[in-house]
Amino acid sequence: MTDKMQSNDEFRESLKSLDTEEWFDLAFYRPIGYRWALMARKLGITPNAITIASIFIGVASGVLFYFSNIWLNLLACLLLMLADSFDSADGQLARMTKQYSRIGRILDGVSGDFWFAAIYVAICLRENETSAFFSLYPWLIWAIAVLTGVFHGVQAAMADYYRQFHLYFLKGEDGSELDTASDLWKKFHALSWKKDFFKKFTLMFYTNYTVGQEKRTPWMQRLRGLLAAKYGNRIPRKFRDEFRAKSKPLMKYTNILSFNTRTFALFAAVLVFRMPWLYFAFELTVLNIILIYMMVRHERICRDFSVELKN
């Protein structure tokens, strides 16, 4: 096998799955992330270190969105793209080196929250200084930002949850990071605040995050319970393939609710229209409509398979 063939195989193995990858990620971020991952592996840099670096870069990007200068805004966009290439690299490196950890998953999940928190604050400060309307009602843009942030969190959480559920049927437990709140609470209570403070503290937030995902997906939870009762961890290949076929068309919506579509809308609002508040409007309308549609369809799929299992 040639070096090029080995490199291509390793690149494919660094991906979660072709079912869940977005075309723009495959064409742009994943190749860049793979090169960062190769460099990090050679230098002995861990996935978590890359994630932490992405947080600092993403926050720096957010700060630059405060300024009305088009060149600083363009730099902010480039830094945000760099942060996302690092965010891609940490997962690819983890898969290449088998360095999986729940702390790494939590860090990877919250890194984007840090980026967008900084972006939201920058937009609010900027609109209060430059917008005639928001300068009259300075509280309004902050209220909109908080509401947008709440929905942003739900959108990202559900997109990730559906993606992990799909990977569970595609690759099994080893290829998915699908957790249950009950198992996480057991692990939480087994830890000591005195000896394991940081681990227990982060697990508390992650467990509550998972609880929220489960509460929003009642039919999915019923399906999971029926599958566990009937098959344990050995779900038949036929059932897995049938569920995957129904679930796969929804993966495009999980990708829309992730990073790329958000940044395209953000860049357009800041660079093209020069009205950053339009990004909040996009999240509150377009992305929430997609979220609701995705959740309704996925719950319907889970309901249909649950009825099938009972019969």
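Helices are DSSP runs of H or I with at least four residues, and they are numbered from the N terminus. With that in mind, this predicted model can be approached through helix H11, which covers residues 237–247. Lys238 and Glu242 are 4 residues apart in helix H11, so about one helical turn separates them. Their side chains meet in a salt bridge, with 2.6 Å from N to O. Lys238 is exposed, its relative accessible area being 60%, whereas Glu242, with a relative accessible area of 28%, is partly exposed.

Ser247 also lies in helix H11, and this residue is buried, with a relative accessible area of 0%. When neighbours within four places in sequence are left aside, the residues in contact with Ser247 are His166, His298 and Ile301.

## Other salt bridges

A search of the whole structure finds 12 salt bridges. One of them joins the side chains of Asp9 and Arg12, at 2.3 Å from N to O; both residues belong to helix H1, which covers residues 3–13, and they stand 3 residues apart, about one turn of the helix. Asp9 counts as partly exposed at 26% relative accessibility, and Arg12 likewise counts as partly exposed, at 49%.

The salt bridge between the side chains of Arg30 and Glu21 has an N to O distance of 2.9 Å. Residues count as buried when their relative accessible area is under 20%, and Arg30, at 15% relative accessibility, is therefore counted as buried. Glu21 counts as buried too, at 8% relative accessibility. Elsewhere, salt bridges form a network that links Asp19, Arg244 and Lys248.

## Aromatic pairs

A pair of aromatic rings is described by the distance of the centres and the angle of the planes. In the whole structure, a search finds 31 aromatic pairs. Among them is the pair of Phe169 and Phe239, which is tilted, with 6.2 Å from centre to centre and 35° between the planes. Phe169 lies in helix H7 (residues 138–171) and Phe239 in helix H11, so this pair ties together parts that are 70 residues apart in sequence. Phe169 and Phe239 are both buried.

Ring pairs also link a cluster made of Trp23, Phe24, Phe28, Tyr29, Trp115, Phe116, Tyr120, Phe259, Phe264, Tyr279 and Phe280.

## Charges over rings

With a relative accessible area of 36%, Ile70 is partly exposed. Patches are made of residues with over 30% relative accessible area, and the value of 36% for Ile70 therefore lies over that cut-off.

Notes: Residues are numbered from 1 along each chain as its sequence is written. This is a predicted model: local features need pLDDT of at least 70, side-chain atom pairs count only at pLDDT 80 or more; totals for chains, interfaces and linings use all residues. Side-chain values use heavy atoms; hydrogens and water are left out. Buried means under 20% relative accessible area, exposed over 50%, partly exposed in between (1.4 Å probe, protein chains only). Rings of Phe, Tyr and Trp (its six-membered ring) pair if their centres lie within 6.5 Å; planes under 30 degrees apart count as stacked, over 60 as edge-to-face and the rest as tilted. Helices (H or I, at least four residues) and strands (E, at least two) are DSSP runs, numbered from the N terminus. A salt bridge is a side-chain nitrogen of Lys or Arg within 4 Å of a carboxyl oxygen of Asp or Glu. Contact means heavy atoms within 4.5 Å.
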